[in-house]
Amino acid sequence: MKAESSSKMKSRTYDMAVIGGGAAGLAGAVKAAELGMDVVVLESGERIGGIPMQCIHPGFGNFYYGENLTGPEFSERLIEKVKLTGIKCYTHAHVEGIRHVSDTENMVSVVMPAGITQIRAKTILYAAGARERHAYEIGITGDRVSGVYTAGEAQTLMDIYGIMPGKSVVIIGSGDIGLIMARRFALEGADVKAVVEMLPYPGGLQRNVVQCLEDFGIPLLTSHMVTRIVGKKRVERVILAEVDESFRAIKNSEKEIDCDTVALAAGLVPNIGKLREADIDIDSSTKGPVVNEYMETSLPGIFVAGNALAINDYVDYAAEQGEQAAIGAHLFIEGNMPSDWKPIRKGENIRLVFPHHISGGRDVKIYARVKKPVRDAVVEFPEIDKRVRKRAVMPGEMIIVNLKKQETAGIDELTLRCADGN
Amino acid sequence: MEIKKMTCILCPLGCRMEVSIEKNKIIRIEGNSCPRGEMYARQEVEAPSRIVISVVKCRDCNLPVISVKTEKPVPKERIREVIDSLAEVEVEPPVNVGDIIVEDVAGTGVNVIATRSAERI
């Protein structure tokens, strides 16, 4: 807010207001600027770069850059491009509301250190990421003591601020974030007592089970849940129990683990509060907005990308979605957005699929997740005889299907299914 | 003969493999479904190595710490030494991504480089 007075901002109409300066938002902003659009980025945190800035392990950029980078390296490349293209970024900028005035005008109400202001934009790219599920959402009761963190909070403390959250740790949830934080704690000298998982199998990639747990001798307790956190001022121990097939605690299976810290890696949920208030259509399986192939929501000109759209496996996908949104916003402003959309439906063993609508007029990438693991799987769109064979599909690993323009020309709808290939 | 159990990490299949070792030599690999599994098993038995990541203190910086990594994988059994030797490291700004923070860390022959940039406050 130094360069421009808020009154000047009010009178200006941006081509695109990007909400969220993480991977999806920055990749989208850069793409939009490259297409000649006038862009502003609104970031609520201290700095742009997003969550990858605290994910200091490798595994980022394999698809987007064709290189294996750490999170900060991935984000720094985007930040570099933002600087080169001269995109205006406001930090400490909290979006308080979005108003879809008309199909060519949106008002974003922003709280910034300089005050409250309204930003007018023809299009919006909503890239506010995800939030972490907390203890109360997964049925953990007990004392309200210090030492309970979400995995992301613990990661911020350690890898942004250089502060150790605790000495002996129980991690709840064995998704990739839980596994990676188990290793991170162990590397910095904490005693990681256990990773507790409700399902009978680990939630994260095999690679992370091996390199984050087995490398450090960290026990993985599957089919277990933490039922209670106990302590006076600080966490002193957790009470856990074995669970049956319907995830109910089995009587007399309770045991205790002494620890001073609990890190909750209980999953992510798209952070779409402001979009919900704007009354867009939501997909109950992704818990994010319903979108077309340009990541446009049910409100014309409002786009969404990254973990606000759906929880992605890789930051690379978030960045790609941001770019698609920028391409879409450009078409929208030029008045060239297609109007005829064909639905993509969920068939056998598909838990979620997006984008939800395609035009049939260009190549498009389909992201999906299965409900159950299948070996020697066939992933297919029966209507167009499109078949992809996979050695194994798992709920924790997104399926990507690239559809060519010529494959989808003339279709009315498509159904994605995943069956046993034998 | 020693039998080492391991899980292949190269694809979601996660083959459970058993590697038979005699006099420090692999004599049999079982359980893999493809040649990549065999390659992985050999690597894990003969020279398991990992990229090591951490943070180091940053004096007079806009950030209290910056993230670092080993430029190449280091032998698995040296991870602890690498981490311990980073505990005392303090860098000064400016730091750019890719800058060498520690040369030949803990005598591994591998450099530790910055993965995040920092400016002077």
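A residue counts as buried here if 20 or more other C-beta atoms lie within 10 Å of its own, as exposed if 12 or fewer do, and as partly exposed in between. One caution before that: what you see is a predicted model.

The helix is H8 of chain A, residues 315-334. Of its 20 residues, 15 are buried, so H8(A) is largely enclosed by the rest of the structure. From its first C-alpha to its last, H8(A) reaches 29 Å, close to the 28 Å expected at 1.5 Å a residue. What follows the helix? H8(A) is followed by Gly335(A), which has a positive phi near 80°.

Now the whole of chain A. The chain contains nine helices and 28 strands. Its C-alpha atoms fill a box of roughly 65 × 60 × 40 Å along the principal axes. For 422 residues, a compact globule would have a radius of gyration near 22 Å, and chain A agrees with that, at 22 Å. Buried residues account for 51% of the 422 residues. If we take the contacts in chain A between residues at least 6 apart in sequence, 63% of them join residues at least 24 apart.

Next, a sheet in chain A. Which order do its strands have? The order is S10-S15-S16-S17 in chain A, an open sheet of four strands with mixed pairing. At the edges are strand S10 (141-142) and strand S17 (255-258) of chain A, each pairing on one side only. Strand S16 of chain A, residues 235-242, pairs with S17(A) in the antiparallel sense, over four bridges. In that pairing, Arg237(A) has Asp258(A) in S17(A) as its bridge partner.

Stay on S16 of chain A for one more residue, Glu236(A), which lies in that strand. Is Glu236(A) buried or partly exposed? Glu236(A) has 16 other C-beta atoms within 10 Å, so it is partly exposed. Leaving out residues up to four places away in sequence, Glu236(A) touches Val230(A), Gly231(A) and Asp258(A). For a sense of scale, pick Val388(A): Glu236(A) is 152 residues from it in sequence and 50 Å from it in space, C-alpha to C-alpha.

On to chain B. The assignment gives chain B domain 1 (2-46) and domain 2 (53-114). Over C-alpha atoms, the centres of these two domains of chain B are 32 Å apart.

The two chains also touch. How many residues does each chain bring to the contact? Chain B brings 22 residues and chain A brings 20. On the side of chain B that touches chain A, strand S5 (53-58) and strand S6 (65-70) of chain B each supply at least two residues. S5(B) gives the most to that side, with four residues. By type, the residues on this side of chain B are 11 nonpolar, six polar and five charged.

Last, some backbone details. Most residues other than glycine have a negative phi, and most peptide bonds are trans. With that in mind, here are the cases to look at.

Two are cis peptide bonds. In chain A, a cis bond joins Phe354(A) and Pro355(A), with omega about 0°. Pro355(A) sits in the loop between strand S22 (350-354) and strand S23 (357-358) of chain A. In chain B, the peptide bond from Pro93(B) to Pro94(B) is cis, with omega near -5°. Pro94(B) is in the loop between strand S8 (90-91) and strand S9 (100-102) of chain B.

The other cases concern phi. Lys287(A) is not a glycine, yet its phi is positive, about 60°. This residue lies in the loop between helix H7 (273-277) and strand S20 (302-304) of chain A. Lys287(A) is partly exposed, because 16 other C-beta atoms lie within 10 Å. Ala106(B), also not a glycine, has a positive phi of about 50°. Ala106(B) is found in the loop between S9 and strand S10 (112-114) of chain B. Which class does Ala106(B) fall into? With 20 other C-beta atoms within 10 Å, Ala106(B) is buried.

Notes. Residues numbered from 1 in each chain as written. Chains lettered and ligands numbered in written order. Predicted model: local features only at pLDDT ≥ 70, side-chain atom pairs only at ≥ 80, totals over all residues. Contact = placed C-beta atoms within 7 Å. Nonpolar A, V, L, I, M, F, W, Y, C, P; charged D, E, K, R; others polar. Pairing = 2+ DSSP bridges. Domains from an automatic or database assignment. Rg over C-alpha atoms; globule rule 2.2 N^0.38 Å. Expected span 1.5 Å × (residues − 1).
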